[in-house]
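Welcome! Take a look at the structure before reading on.

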Amino acid sequence: MNRTQLFNIADNWFKNQGWKSFPFQKETWTAFLQGKNGLLNAPTGSGKTYALWIPIVLDYIKNNPDYETKHKPGLKAIWITPLRALSVEIKQAAERVVNDLGAQMTVGIRSGDTSNAERAKQSRKMPDLLITTPESLQLLLASKGYDKTFEDCRAIVIDEWHELLGTKRGVQMELALSRLKTIAPNMRIWGISATIGNLQQAKEVLLGMGSEAYENSILIHANIDKKIKVLSIIPEKMEAYPWRGHMGLHLIDEAAAIVRKSKTTLIFTNVRSACEIWFQRLLEKYPEFAGEMAMHHGSINRETRLWVEEAIRNEELKVVVCTSSLDLGVDFAPVESIIQVGGPKGVARFMQRAGRSGHQPGKESVIHFLATHAMELIEASALKKAVAETVVEDRIPYLNSWDVLVQYLNTLAVSDGFFPDEIFNEVKGTFCYQAMTEDNWNWILNFITKGSQSLQAYDEYKKVDIEPNGLFKINSRLIAMHHRMQIGTIVGDATLQVKFLSGGYLGSIEEWFISKMKPGDAFTFGGKKLELYQVKNMQVLVKKADPSKKSRLVSWMGGRMSFSAQMSEMLRQEMYTANTENLTPELKALAPMFKRQRKESIVPGSHQFLIETFKTREGFHAIFYPFEGRFVHEALASLLAFRISLLTPISFSLAYNDYGFELLSDQEIDMQSVIDNNLFSTEYVHSDLQRSLNATEMARRKFRDIAVIAGLVFTGFPGKMIKTKHLQSGSQLIFEVFRDYEPDNLLFQQAYRETFEHQLEEGRLIQSLERIKNQEIVWKQAQKPTPFSFPIITDRLREKLSSETLAERIKKMTASYMKNEK
Amino acid sequence: MTVTISIQNHTFILHPTGAVFWTNKSILLISDVHLGKVMHFRKHGVAVPESAVSKNFDQMNAALDYFDPETVIFLGDLFHSKKNTEWQLFEKWVSETTSKIILVAGNHDVIDKKHYQKLEIEIYSEIATNGFLLTHHPEERDHFFNFSGHIHPAVKMRGIGRQSLKLPCFFKKPKQMILPAFGEFTGTYFLIPTEHDCVYAIANDEVIVVC
């Protein structure tokens with residue numbers, strides 16, 4: 001069959017559905033059938049799924065003219081989705097195409113939710129089209145004879161590639177692809193990505209630096225214009241607007257009014273705990289929404305989430321309070337309004353969320369921005385401009401992620417074993433490991449076979465064996481089992497399952513939260529009040545709590561996001577207009593706050609760098625306002641505190657948000673000498689940062705994920721009690737032993753590198769220091785906290801930095817019982 | 001760098017390694033060394049640096065050289081798990097040690113008694129002497145002051161300017177003293193002192209009284 005005939009089949013199918021194909025879909029079909037690889041830039045809900053399922057099936061038809069009567073078994077295409085929840089939709093789309101075109105192809109899902117029986121069945125006979133996750137794909141590479149499974153596979157599609165890019169799951173994907181290129185030589189590689197700043201690079205990461213696959217590839221843009229309308233929720237009386245970040249609950253009535261007016265509203269919060277609170281309060285204040293409202297976040301069990309998604313589609317819900325868990329995926333046609341609670345921190349995320357509404361053709365997406373505190377209204381105003389100008393962020397891919405490489409090599413060693421020379425070239429061809437040296441590679445091999453150095457005769461290290469023919473292989477069944485369980489635990493935090501005593505799985509909760517509770521204590525989770533009965537075998541057993549009992553809301557760590565460089569720039573520009581006549585409605589509404597700010601201090605202009613100092617009961621505060629986003633402030637605070645601590649022995653507590661940072665001390669900071677000594681200099685930034693204690697603390701936190709991924713911390717299998725007696729250890733402890741005994745360990749060093757590149761964003765830090773250098777420093781000694789400073793000084797999550805000795809510091813302290821006596 | 005305290009008219013010296021020296025009886029108390037932990041991990045494919053093994057022995061030697069005790073009593077969890085090659089290093093260490101060695105067994109001490117007996121190490125589940133009770137798990141018993149381990153105590157300290165510190169410590173209650181974990185590759189557990197308690201925090205090579 002030639003291409004025209006094939007296209008006729010597809011066009012007819014579209015016609016039968018009452019649809020018309022988009023130009024980008026046809027372009028994709030053509031490129032695919034020409035044997036090209038590529039990246040398709042298309043937003044959710046644009047028909048991207050059919051842009052690739054169709055040519056996959058057409059390709060099969062082309063190669064199997066008797067496709068209607070005969071079935072050729074074996075895996076033909078893989079569809080990777082970052083979210084398990086999306087797989088059902090994708091399967092339905094595939095089945096629709098396959099059935100209607102009469103191709104005798106089977107479609108299957110393999111993910112963490114797939115039953116063991118189903119898996120075993122698949123292992124005997126793979127479906128023709130397999131929908132799976134990056135983790136499950138790794139697990140397939142960990143099974144014996146995997147090369148036979150993939151040898152006739154002709155396509156792999158990585159959906160939502162922008163979500164994977166810039167994460168270690170993306171690196172996992174790069175490695176899997178490097179292997180598949182060898183064992184499935186006829187495989188085309190396609191990615192699908194929403195709009196991000198670095199699409200070209202995204203394609204390069206997907207296909208490999210200068211690889212054959214990259215040479216034969218194409219970037220296709222869907223070019224679907226979508227109108228987005230951004231509305232800020234501004235209350236009647238601005239005087240009552242809180243200065244610091246609450247949950248935004250003071251605007252609950254305004255939010256409820258929007259809910260009433262729309263068919264379905266999604267309320268997005270930035271963190272899961274805010275999601276829980278909003279759900280609770282909305283229900284308390286508007287009981288009439290009961291039965292028509294739901295909650296959706298990543299820790300709620302899958303069945304409930306699926307039910308919520310289905311109910312949205314069926315127009316059964318008026319309002320859903322959710323987190324980024326609903327950012328991705330399938331279309332929810334009935335959704336008319338979106339409310340974003342608190343700053344979304346990035347333009348891309350904001351636009352993606354906005355795009356969840358108004359799916360009918362020609363309809364515009366409406367998103368309401370609900371600022372949780374006054375300063376955030378400036379953000380709202382800046383976001384409006386960003387959306388209008390489509391300023392979108394880059395996703396920065398990881399480089400030299402040794403932890404993922406260690407995991408991958410163990411995976412290959414568990415299945416059929418590997419020969420290093422062959423695998424080296426594959427790994428080296430990926431974007432992530434393009435700069436890997438022979439030394440690095442040998443270190444990694446040494447690490448998995450000998451546990452890095454092994455000098456002593458009494459050592460008993462056991463993991464990967466080197467067989468006489470040079471094959472690297474894991475032979476211990478126990479170690480193999482441990483490793484298989486570890487694959488897929490790329491997300492770090494130790495989580496426990498919450499279950500009713502009577503049975504019934506509710507979701508998952510982080511260990512640190514539950515560790516603070518005693519049996520009998522009550523907490524609210526997933527909108528239910530629960531009483532803790534017992535923690536056993538990685539399970540939290542609960543029963544319904546007495547409704548009158550005081551309960552705590554579950555909270556989750558993490559989720560602290562930072563402004564992107566683009567967002568910070570927009571915010572600064574917006575802020576500078578506050579001193580002009582040209583005010584947006586948001587800035588106008590902020591007039592009372594600006595007035596108050598100007599009374600004590602100033603609203604800085606583009607040529608000014610503002611520093612405020614004042615004293616409270618807590619000590620001496622110094623606040624700096626670079627407006628560069630949280631992560632850069634973290635670095636700047638660390639750097640400045642370190643440099644001041646060189647002038648005099650002093651201890652600081654550091655706090656930061658997206659607008660500025662605070663150095664708090666029990667002694668007054670000599671600000672004049674900070675200015676006179678040019679402490680904002682760009683010289684020695686790297687070494688100063690490295691020497692500041694803070695970098696160690698941050699690296700320690702980064703190391704947590706690294707240790708889990710590299711298999712240094714054994715987390716066990718969720719829900720299953722595996723005997724890991726005496727093998728429990730925290731990553732903290734391992735971090736310390738590496739620091740003390742093996743500082744040249746690549747995994748240990750990686751923690752620092754990630755801190756500097758991904759957390760502290762050293763590049764941006766230097767840029768902002770350059771900018772400050774050209775600004776006039778304005779130091780305001782205020783009598784009391786200013787509106788700008790308020791959200792920062794009330795932040796409880798703090799870092800410490802000190803140049804005093806431990807003994808000196810202890811003398812000034814009291815053990816924490818002093819607090820309890822009050 | 002050490003701190004000397006008096007309990008029931010006996011003198012005790014707290015050492016920054018986490019050991020306690022009972023001057024009147026020339027006994028050195030050491031708790032929760034968790035020997036063999038590093039090797040146990042390595043044996044199961046977790047590459048904890050091997051050089052951490054020798055640190056425990058160095059620390060024990062440091063404490064023994066400092067006090068030169070007649071007797072060393074380990075308050076449990078001397079070995080982390082089953083026997084492995086670190087046992088041979090322990091054997092060697094025992095043969096080079098002149099002090100008498102006693103083990104009050106803890107929950108981790110699963111190695112068969114006869115192996116200890118071969119090294120002339122006595123094993124007890126507890127020791128009661130001169131109004132003092134030595135156990136692994138902290139215990140309150142009438143007429144006794146209890147020395148124990150097991151918990152790996154640490155304390156959080158706070159000061160103005162939102163300063164805070166976390167340090168391992170000796171944790172003293174009216175009738176009880178809980179020793180910090182002596183071992184290198186062991187974790188800690190935060191205790192909150194009440195007004196009757198006293199904490200001796202370990203700040204690198206110094207013991208500092210906080211009460």
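Two strands pair if DSSP finds at least two bridges between them; strands (E, at least two residues) and helices (H or I, at least four residues) are DSSP runs, numbered from the N terminus. This is a predicted model, in which local features need pLDDT of at least 70, side-chain atom pairs count only at pLDDT 80 or more, and totals for chains, interfaces and linings use all residues. Residues are numbered from 1 along each chain as its sequence is written, while chains are lettered from A and ligands numbered from 1 in the order in which they are written.

**The sheet.** In chain A, six strands with parallel pairing form an open sheet, in the order β8-β13-β12-β9-β11-β10. At its edges are β8 (228-232) and β10 (293-296) of chain A, each pairing on one side only. From one strand to the next, the twist averages 20°. Strands β12(A) and β13(A) run parallel and are joined by four bridges; Ile339(A) stands opposite His368(A) in β13(A).

Angles run from 0 to 180 degrees between N-to-C directions, with axes fitted to C-alpha atoms, for helices over the stretch in contact. Contact means C-beta atoms, placed from the backbone, within 7 Å.

| Helix | Strands | Angle |
|---|---|---|
| α13(A), residues 272-285 | lies across β9, β10, β11 and β12 of chain A | about 150° to β11(A) |
| α16(A), residues 376-389 | touches β8 and β13 of chain A | about 165° with β8(A) |

**Another helix.** In α20(A), Ile479(A), His482(A), His483(A) and Gln486(A) are buried (20 or more other C-beta atoms within 10 Å of a residue's own, all placed from the backbone). What covers the buried residues of α20(A) includes α17(A), residues 402-414.

Technical notes. Buried ≥ 20, exposed ≤ 12 C-beta atoms within 10 Å, placed from the backbone. Contact = placed C-beta atoms within 7 Å.
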